[in-house]
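Take a look at the chain below. The report starts with the whole and then moves to its parts.

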Amino acid sequence: MTKDVEVAEHHGGKDYHEPPPAPLFDADELTKWSFYRALIAEFVATLLFLYVTVLTVIGYKSTTDTALDADQCGGVGILGIAWAFGGMIFVLVYCTAGISGGHINPAVTFGLFLARKVSLIRAVMYMVAQCLGAICGVGLVKAFQSSYYNRYGGGANTLADGYNKGTGLGAEIIGTFVLVYTVFSATDPKRSARDSHVPVRMPYLLILSVSFLS
């Protein structure tokens, strides 16, 4: 009990350590190899994510296409698409969290920048690496499966019957908010407080569940 009080007094009444905000401009990052290694990690992770997930969506559409007379039970189904998105996010975040933070999404990077968790230079370069990785990942899909890619519109999302664009936009906004909120909750320093009773693995499960909902 005495030790807990001492720790709380050491941090100004808090039983956790709040990291200082990242500087808005940090030119020193450009001279560090760890910064470029993080960019490579974001690029590769986004490439793999788009490559696997887009291929999964195109494969599902090909098995459910009545014009092809394919075996509809031979594909992964809707649940397989959910597992592809959730599983890839789970694996890639686990692999890159210690290198780049495991953003793999410009929305996550932008949110962390607004919260002063990353500098402007890192945020902009992360977004560039993520967009380039996404383009290359989809480019590989088109190169390997050009006929299916063109036939099914590159596996892009489309509105279901009975829903307008406003509803689709609202769903995307809510889904993105839940994703970024989950990332902030998973990286909150208060999680290491002495009163925390949530298992450390819970953030990964939350990220997985959010991916399934997407």
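## The whole chain

Of the 214 residues of the chain, 32% are buried (under 20% relative accessible area; exposed is over 50%, partly exposed in between; 1.4 Å probe, protein chains only). This is a predicted model, where local features need pLDDT of at least 70 and side-chain atom pairs count only at pLDDT 80 or more, while totals for chains, interfaces and linings use all residues. Residues are numbered from 1 along each chain as its sequence is written, and side-chain values use heavy atoms, with hydrogens and water left out.

The chain has eight helices and zero strands (DSSP runs numbered from the N terminus: helices are H or I, at least four residues; strands are E, at least two).

## The nonpolar cores

The largest nonpolar core has eight residues: V108, L112, F113, V118, A123, L179, V180 and V183. Such a core is a set of buried Ala, Val, Leu, Ile, Met, Phe, Trp, Tyr and Cys residues joined through side-chain atoms within 4.5 Å. Helix 4 (106-114) and helix 7 (165-186) each supply at least two residues of this core.

A second, separate core has seven residues, including M88, I89, L92 and I104.

## A buried glutamine

Q130 sits in helix 5 (residues 120-144). Is Q130 buried or exposed? Q130 is buried, because its relative accessible area is 2%.
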